[in-house]
Amino acid sequence: DPSGKGRVTGEIDFEELSAKALILIGNMQLLSALNAGLIGDNLQISPAGDLLSDRTIFDKTLRPAAEKSAVKKFDDAEQTYVRERENEHGIQEKSDQEYYGRLDAVIQSEYHCTRQALVDLAYAITEVCEAEGSDIVVYSQADLLSAIQSVSAYEHKVGIETIERLTLYCRKSWDVQLPQTEERDYDLSRFDRKASLTSRPLLAIEETDNPTIMVSPVLVYEAVRYALVGLIEGTLHGQFFDSKEIVKFAGAQADKNGREFEDEIASQLKKWGFQAWPRKTVPSIIGTRTETDLGDVDVFAISPDKQTVLAIEAKNLKICRNESEVAARMSAYRGDEKIDTKGRKRPDKLRKHLIRVSKLKSNAEKIAKTFSLPNTPKIRGLLVFNTPQPMNFFMFEKFDNAECCEFDELSSKLNVVKVD
């Protein structure tokens, strides 16, 4: 223990710690799957003391999605390389000053420094480590700030608030929650937690007002990069951050991505000869009011022969990275009701889609009249995902109105010739 308050540790101690951590993380993955009803509760203990369970369902959900995503990433990387070789200089997009102004403001609200100061922080810490001759250095928060400020090449202004935001503080026990955190932030089966080195890469090793922290420039670099890329691309949920401003920005970016995906689907359908509209309300489709708000049909389309109507639910989702995320994703798409935070029953994400498609089917004649179709059309419900999802490989086959596919598979799903 660099603080001098612990006991001397050896290789066996770290091996024991790693083994316990592996058991803890593995069991929390198991708990998520049990709670979601994805695996049975018939657990066994092996002669060696291992906890055994039937997790074959993840061979049908997690593995094929991960394998398919990996292939897609390699294909995309190859195409990107070819484009860059063909046009080495490329065409730089015009910078959106308004967007980056808002981005800088929310970064300031969260990290208490400018965007460039945050990006360059890892490089400043690298110089601090080089001066110490070590990959990892141990400082108090105040001393680390002084060391960073003494780096001549680092010309940005940062205060102790930035160091504090990036610090993962000690807890007296598992039952203690740090300020601005929730129980989910300590669930080791989850990614993107506030109480993690991904969010707070400076590790405090004592409980004081100015704690000693362990500092690695690699951890700082990866944490900052992960946060900024996730924020800009809209792939990080608001629970990863603290300030209201950045949470709102992250939500708006995710909504924007969702609308762009809907527009992309509608645009592609038009190229194939469909009539297509993004975000079409149910009343505007059936030509009459509904008793309750059923929400929008993400993409409404009419086939070129005017015999089939598509009600598409477009989902711009991250790929599930572990069993816990598979469990959470599939729990949200059971086609059933769930209890909200106020104790009321609400349809889950799949159920909402099924209700909309059912409403359209029962009003098919009205749809024909609204859009001047020659005959009563066939109504076809379809879920389209931007990435491989566990639902693509398991579960949806039991629903009549829940056909699903990835966007890249849409042409074969609709039996049309794909036009680039």
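This passage describes selected residues of a predicted model. Local features require pLDDT of at least 70 and side-chain atom pairs pLDDT 80 or more, while totals for chains, interfaces and linings use all residues. Residues are numbered from 1 along each chain as its sequence is written, and side-chain values use heavy atoms, without hydrogens or water.

T181 sits in the loop between β4 (167-168) and β5 (202-204). Strands (E, at least two residues) and helices (H or I, at least four) are DSSP runs numbered from the N terminus. T181 counts as buried because its relative accessibility is 13%; buried means under 20% relative accessible area, exposed over 50% and partly exposed in between (1.4 Å probe, protein chains only). The T181 side chain lies 2.5 Å from the backbone oxygen of L178. A polar contact of 2.9 Å links the side chains of T181 and Y186. Such a contact is a pair of N or O atoms within 3.5 Å; within protein, one must be able to donate a hydrogen and the other to accept it, and residues adjacent in sequence count only if both atoms are side-chain atoms.

W174 also belongs to the loop between β4 and β5. At 57% relative accessibility, W174 counts as exposed.

R279, in strand β7 (residues 275-281), has a phi of about 55°. Most residues other than glycine have a negative phi. R279 is partly exposed, at 32% relative accessibility. S372 likewise has a positive phi of about 55°. S372 is placed in the loop between α13 (364-370) and β12 (378-385). With a relative accessible area of 62%, S372 is exposed.
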